[in-house]
Amino acid sequence: MPSIAIPVPTDPYPGSPILTDDDIYIFNEGNHFRLYEKLGAHVTTVDGQEGTYFAVWAPNAEYVAVIGAWNNWHSGHNPLKARGDSGIWEAFVPGVVKGASYKFHVSSRFHAYKEDKTDPLGIMYEVSPGTASIVWDRAYTWNDEAWIESRMQRQSLHTPMSIYEVHLGSWMRVPEEGGRSLSYREIAPRLAEHVKRCGFTHIELLPITEHPFFGSWGYQTTGFFAPTSRYGTPQDFMYFVDHLHQQGIGIILDWVPSHFPTDGFGLSYFDGTHLYEHADPRKGFHPDWGSYIFNYGRNEVRSFLISSALCWLDTFHLDGLRVDAVASMLYLDYSRQPGEWIPNQYGGNENIDAIMFLRQFNTEVYKNFPGVQTIAEESTAWPMVSRPTYVGGLGFGFKWDMGWMHDTLSYFRRDPIFRRFHHNELTFRGLYMFTENYVLALSHDEVVHGKGSLLDKMSGDVWQKFANLRLLYSYMYGQPGKKLIFMGSEFGQWREWKHDESLDWHLMMFPSHRGIADTLADLNRLYVSEPALAELETDPDGYEWIDANDADNSTYSFLRKARSNGDQILVVMNATPIIRENYRVGVPRGGWWEELFNSDAKEYWGSGIGNAGGVMADDQPSHNRPFSLTIDLPPLGALFFKSRG
């Protein structure tokens, strides 16, 4: 980025045009959640001179300066001045304008530590491997008012949310240009068209917060307030969000407040002390990821993190945050052996500081942005993750159902001949499915590190693998809970996801893969159009087993119900390749039951076994219901019937 060479003063420019004493007080108190408006670098005018105001928190520094091309990266030209005992260093530098690269030179009071640091609240950064921050702004004219006004209705507990998980850098590439990734502006119309064609209501982005190592997929974040510059400027990302909103698509961001990388230019050991992280490695170092863990007990760190969350919702108009690795935050002994962790003050393994932080985070998010949602990736049985803080919960809107994912994939890996002995892998969820507000997630974690793609996990020959995957998706959409599927799985990619390659879009030329895509698209449209499948997803009144015990035939049948119009949808699954002719299923109503969906339809590359559009209920009782249907169950197939009276 270009910068202007200017004369540089040897002393900080007097006065603070942005940071007030009240800002400092509530920051040190741990209650300032708009730090992105105050700290970092902000272009402004002082006494008629245009320049940039710089401010950074480094309480254990004895000297801080801002360095850049305008002063030949020399730490002696533009020192910052300490603001009382707040720990904040600040200065206004005339002539430094938008586009200038900069870092903070920090000289500590301890251990003769000196380091050039990127701005923790940087708006934009150099493209990796560059590590400097860039003076920028977040000015943008938005055109998504209609979406924002309707957002609360579009993503409540009672409305369908079908989420397409995306890694922007590998979704689609440009082979004729060396396989480069698409920019934010290039990908926006293509992704929106694909998402609408597939029927998803939302996308979820793997972290696009700035990160130095592309292979971390964004989960090792250094820029908690900036979209990665790999794909463009902050305004380019705003255009991406704006365009998707105008197409009726919501956007959720993977946000990572659980840890940060150890790179010397980043947050680690920021002022010569463990400022953002715990000093004791038993609490401050993550053994699995080789990263540092935030010190949630420090007031200023909580202000920093919650400000990051609100920045994405405020200035970038995002619709939700999925918080990564919540379990690693909640447990002091997470992934640690005895003797490698420190109990809390009550002798337990709960991280009380992290619990209080998560409750404060959720409280602030919902108070300031009531139309958004927060989602926890929490893999244990921690209670009330998605319950309000005022009843003792963590306050999240939703929680990923990791148990459902594990049991379901275990079941579908099994040869159908053995599934009768593992029938409970699909019924066990009935014991807990309403204890939280769940998202059923088949995420990127299930298609990497040698696990194979979803299609490749399925048992059987090629036809059976495709049939099993269609059955898996049918079961997923029949179950209560929001839905999430990682990119590539919507058309049955054979190979694992690779972050440095494009998806295998050429597979869409084959009927088998188009059948997977069409199956999912029809399930999404059914999910959106039928209140019985979404309205009571978090309410036991919306679900009723018909038969959970037919293990010998590996069949499952249950009802989904709507509150608003009394609709009922019957879902019947056959998890074997044997056609079940004249299979009787009890139903609560007589009359015509329309066959809304058949995963074995020929249009999906199935065998075409079905019921000619529907079945008339018999007066013969079955399964403790006054009526019953006699149906033909397709092999490795699922049927959805709707009562038409």
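# Strands, helices and angles

Reader: Do β24 and β25 pair in the parallel or the antiparallel sense?
Author: Two strands pair if DSSP finds at least two bridges between them. Strands (E, at least two residues) and helices (H or I, at least four) are DSSP runs, numbered from the N terminus. β24 and strand β25 (residues 555-561) have four bridges. Their sense is antiparallel.

Reader: What kind of model is this?
Author: pLDDT is the predictor's confidence in each residue, from 0 to 100. Residues are numbered from 1 along each chain as its sequence is written, and side-chain values use heavy atoms, with hydrogens and water left out. Local features need pLDDT of at least 70, side-chain atom pairs count only at pLDDT 80 or more, totals for chains, interfaces and linings use all residues, and the model is predicted.

Reader: Where does pLDDT stay under 50?
Author: The mean pLDDT of the protein chain is 96, and 98% of its residues reach 70 or more. Where pLDDT is low, the predicted coordinates should not be read in detail. The stretch under 50 covers residues 1-10.

Reader: Which residue is the bridge partner of Trp 545?
Author: Start with the sheet: six strands, open, in the order β24-β25-β26-β31-β28-β29. Its edge strands are β24 (543-547) and β29 (614-616), each pairing on one side only. Trp 545 has its bridge partner in β25. That partner is Phe 558.

Reader: At what angle does helix α14 run to β28?
Author: Axes are lines fitted to C-alpha atoms, for helices over the stretch in contact (heavy atoms within 4.5 Å). Angles run from 0 to 180 degrees between N-to-C directions. Helix α14 (residues 511-529) lies across β28 (592-598) and β31 (637-643). Its angle to β28 is about 135°.

Reader: Is Glu 603 buried or exposed?
Author: Glu 603 sits in the loop between β28 and β29. Leaving aside residues up to four places away in sequence, Glu 603 touches Gly 515 and Asp 518. Buried means under 20% relative accessible area, exposed over 50%, and partly exposed in between (1.4 Å probe, protein chains only). At 61% relative accessible area, Glu 603 is exposed.

Reader: How is Leu 636 classed, buried or exposed?
Author: Leu 636 lies in the loop between β30 (627-633) and β31. Its phi is positive, near 45°, in a residue other than glycine. Most residues other than glycine have a negative phi, and most peptide bonds are trans. With 1% relative accessibility, Leu 636 counts as buried.

Reader: What is the relative accessible area of Asp 47?
Author: Asp 47 is in the loop between β1 and β2 (49-57). Asp 47 also has a positive phi, near 50°. This residue is exposed, and its relative accessible area is 69%.

Reader: Which residue does a cis peptide bond join to Ser 128?
Author: Look in the loop between β8 (124-125) and β9 (133-134). Omega of the cis bond is about 15°. The residue joined to Ser 128 is Pro 129.

Reader: How many residues of α5 are buried?
Author: Helix α5 (residues 234-246) has 13 residues, and its end C-alpha atoms are 18 Å apart. The expected span is 1.5 Å times one less than the number of residues. That gives 18 Å for α5, which agrees. The helix is largely enclosed by the rest of the structure, because the number of its residues that are buried is eleven.

Reader: Which residue stands opposite Ile 252 in β19?
Author: All six residues of strand β16 (residues 250-255) are buried, so β16 is largely enclosed by the rest of the structure. Gly 250, Ile 252 and Asp 254 point one way, while Ile 251, Leu 253 and Trp 255 point the other. Four bridges join β16 to strand β19 (residues 320-323), and the two run parallel. Opposite Ile 252 stands Gly 320.

Reader: How does α1 lie against α7, roughly parallel or roughly perpendicular?
Author: The axes of helix α1 (residues 21-29) and helix α7 (residues 299-314) come within 6 Å and cross at roughly 105°. Angles under 35 degrees count as roughly parallel, over 145 as roughly antiparallel, 65 to 115 as roughly perpendicular and the rest as oblique. Therefore α1 lies against α7 roughly perpendicular.
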